[in-house]
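Please open the viewer and keep the sequence panel beside it.

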Amino acid sequence: MIRHIVMFEFLNEAEGKTATQNAVIAKDKLLALKDKISVIRRMEIGINDGEADETNYTLCLTVDFDNFDDLNAYAVHPEHLEAAAFIGKVRLSRACVDYEI
């Protein structure tokens with residue numbers, strides 16, 4: 001199994017919304033992928049808590065796949081690309097790790 005972990009730091013303001021508002025939109029878009037992309041085995045998304053260190057990343061995505069072929073299929077899936085396009089407009093930075101579990 002492959003675990004795909006991505007952390008996003010959102011812009012303070014983008015698309016007329018705050019970082020937290022955009023993180024909620026991104027979370028909803030990403031969670032919807034679970035029902036649309038069959039290769040997703042497990043998905044968890046967290047938004048940094050308002051009481052946590054403000055230097056933390058804004059959103060963390062964890063997705064499990066059976067193998068790297070499935071991760072690669074997810075990466076180019078049109079529904080994923082649509083969610084990624086939104087995040088691309090509202091994020092400042094991204095960090096990612098993919099590893100076998």
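Two residues are in contact when heavy atoms of theirs lie within 4.5 Å. The model is predicted, so local features need pLDDT of at least 70 and side-chain atom pairs count only at pLDDT 80 or more, whereas totals for chains, interfaces and linings use all residues. Residues are numbered from 1 along each chain as its sequence is written, and side-chain values use heavy atoms, with hydrogens and water left out.

**The whole chain**

Begin with a cartoon view of the protein, which shows three helices and six strands. Helices (H or I, at least four residues) and strands (E, at least two) are DSSP runs, numbered from the N terminus. Followed from the N terminus, the elements come in the order β-β-β-α-β-β-α-α-β.

Next, display the C-alpha trace, which spans about 35 × 25 × 20 Å along its principal axes. The radius of gyration is taken over C-alpha atoms, and the globule rule is 2.2 Å times the number of residues to the power 0.38. For 101 residues a compact globule would come near 13 Å, and the protein, with 13 Å, agrees.

Of the contacts between residues at least 6 apart in sequence, 71% join residues at least 24 apart. Buried residues account for 33% of the 101 residues; buried means under 20% relative accessible area, exposed over 50%, and partly exposed in between (1.4 Å probe, protein chains only).

**Tyrosine 57**

Select tyrosine 57, in the loop between strand E4 (42–47) and strand E5 (59–65). Its relative accessibility is 29%, so tyrosine 57 counts as partly exposed. Which residues does tyrosine 57 contact, leaving aside its neighbours within four places in sequence? They are Met7, Phe8, Glu9, Asn48, Ser93 and Ala95.

**Threonine 62**

Move on to threonine 62, in strand E5. Is threonine 62 buried or exposed? At 12% relative accessibility, threonine 62 counts as buried. Residues up to four places away in sequence not being counted, threonine 62 touches Arg3, His4 and Ile5, as well as Arg42, Met43 and Glu44.

Now select asparagine 12, in the loop between strand E1 (2–10) and E2. With 69% relative accessibility, asparagine 12 counts as exposed. Beyond residues up to four places away in sequence, asparagine 12 touches Lys17, Thr18 and Ala19. Select arginine 91 as well: 79 residues separate asparagine 12 and arginine 91 in sequence, and 8.9 Å separates them in space, C-alpha to C-alpha.

Continue to glutamate 15, in the loop between strand E2 (13–14) and strand E3 (17–18). Glutamate 15 is not a glycine, yet has a positive phi of about 55°. Most residues other than glycine have a negative phi. A relative accessible area of 48% makes glutamate 15 partly exposed.

**The cysteines**

Finally, show the sulfur atoms of the cysteines. A disulfide is a pair of cysteine sulfur atoms within 2.5 Å. How many disulfides are there by this rule? The count comes to zero. Cysteine 60 is in no disulfide, and the nearest cysteine sulfur, that of cysteine 96, is 10.0 Å away. Cysteine 60 is partly exposed at 27% relative accessibility, and cysteine 96 is partly exposed with a relative accessible area of 31%.
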